[in-house]
Amino acid sequence: MDHQKLRESISEAWATDVLPSLSGLIEIPAVSAAYDAAWEEHGHLRAAVEHVRGWVASRGLPGARCDVVQLDGRAPLLFVDVPATPGAAATGTVLLYGHLDKQPPLGDWSAGLGPWQPVIRDGRLYGRGAADDGYSGYAATTALEAVRGAGGEHARAVLLLETGEESGSPDLPAYLEQLADRLGEVSLVVCLDGGGGDYERLWLTSSLRGAVQATVTVRVLETGVHSGLGSGIVPSSFRVMRQLLDRVEDAETGEVKLAEMVVPIPEERRAEAARLVALHPEVAVPQLPLLPGMRRASDDDVEVVLNNTWRPTLSVTGAGGLPDPAVAGAVLRAWTSFRLSFRLPPSADAEAARVALERVLTTDVPYGAQVEVGDFMVLNGWHAPAPDAWLASALQEVGEQVFGKPCQSLGIGGGIPFMEMLGRRYPEAQFVVTGALGADSNAHVPDEWLHLPFAVQVTEAVARLLDAHARG
């Protein structure tokens, strides 16, 4: 394969073809179904899929078939089937994964920026879904095109872009069953929904955490009452909630107490965390916007990395029944609701954790208060298999020739539900979970942006891996 031609064609395609269409995708407010109850009526998820389908179909990949697949009541996905090049030696299918659904705007964006307004500044493309991860389908398609144009090879490739990832991918199991025959035997999975700590090397995700989210409501009264009349007689719903939270988390240390959410940390992941801290201390622990005087959970960088990747954590991400302080009257409130978000270790059983959480919160409740636990979102984590010799060699070449620096692996505190599903279905497959997201790309928050030069390099890396896989 002509590597110089490969690089030039990818760079040109991004500048002239990818950016206009990716910018159009940003303009579609394709908020994930978990955040838009009327998503089917609004039609934005379908519009996003059709937008990308039209672009992929226009690329003229020989024999490619582009289908929008939608089961009743489920968010649609794009399924693109690209035949192997005639000279490909590899058997099996390469599955290239990404998603087109987006987080909601979530707050005020900076002047001149907006969630559905594509803006290019200083090599950055701003807009919701640019980096997480609307670019992925464009990068995958461009990589396949460039391999062919540079005289390289690729095995049969399937591009799967879902529209439910930000909602925990609830529809993917049904689609995997529906598409099982069309997928065939997957031998390589390339997921472009990942990233790393900088834009200087290819970052490989070695593990992903699972999650259990639930809404817990504590009720103590039929209606609120004057706090002067009721306090001291009726325990507040907030106090009962505090007692319940103490059952699942140590308030002093943050340690999660449920045995079903705790697993032994593999020694290779402890060693990986130590290497990451030693080689890339500026990347190992993200530089988060701590307030002056605020301390981290631990002063030990390795332990912080393990906290974020292999230990369970609890975040309270929402609350109900609490009026704004400015209008809060002297009332003993009838109820309090919390949205609990547990991040689970990669190998924890998320369903077992969910069952344990519900049991602990609803058994022997203080003062006989009524407790409701529901609105669950449950997903398992994922632990990467060791790379085969061909993949290890190809990754070394990518590090040297594309980035000029070795690839680096790291665990990620977030989750990608599809990886665990695929790992169970295709236990012999090789996995490359990577992407163009950086620690400061602002995914899920205002001012999300895609580092364009880095996205071009990631595309070249994918193209080289496709060629190496095809040659065995």
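Start by selecting Glu448: this residue is buried, with a relative accessible area of 1% (buried means under 20% relative accessible area, exposed over 50%, partly exposed in between, with a 1.4 Å probe and protein chains only). Arg128 sits in the loop between strand 5 (124-126) and helix 4 (130-149), and Glu448 in the loop between strand 17 (430-433) and strand 18 (449-451), so the pair ties together parts that are 320 residues apart in sequence. Helices (H or I, at least four residues) and strands (E, at least two) are DSSP runs, numbered from the N terminus.

A word on what you're looking at: this is a predicted model, where local features need pLDDT of at least 70 and side-chain atom pairs count only at pLDDT 80 or more, while totals for chains, interfaces and linings use all residues. Residues are numbered from 1 along each chain as its sequence is written, and side-chain values use heavy atoms, leaving out hydrogens and water.

Strand 9 and strand 13 share ten bridges; zoom in on Thr217, which stands opposite Ser337 in strand 13.

Still on the sheet, click Asp375 and Arg339. They form a salt bridge, with the closest N and O atoms 3.5 Å apart. Asp375 belongs to strand 14 and Arg339 to strand 13, 36 residues apart. Asp375 is exposed at 57%, whereas Arg339 counts as buried at 17%.

Now bring in helix 8, residues 237-248. Which of its residues are buried? Select Ser237, Val240, Met241, Leu244, Leu245 and Val248. Look down the axis of helix 8: these residues fall within an arc of 140°, so they line one face of the helix (the arc is that of the directions from the helix axis to the C-beta atoms). They pack against partners including strand 9 (210-219) and helix 12 (350-362), contact meaning heavy atoms within 4.5 Å.

Last stop: helix 3 (residues 44-58), where Glu50 and Arg46 lie four residues apart, about one turn. Their side chains meet in a salt bridge of 3.3 Å, N to O.

Notes: Expected span 1.5 Å × (residues − 1). Pairing = 2+ DSSP bridges. Salt bridge = Lys/Arg side-chain N within 4 Å of Asp/Glu carboxyl O.
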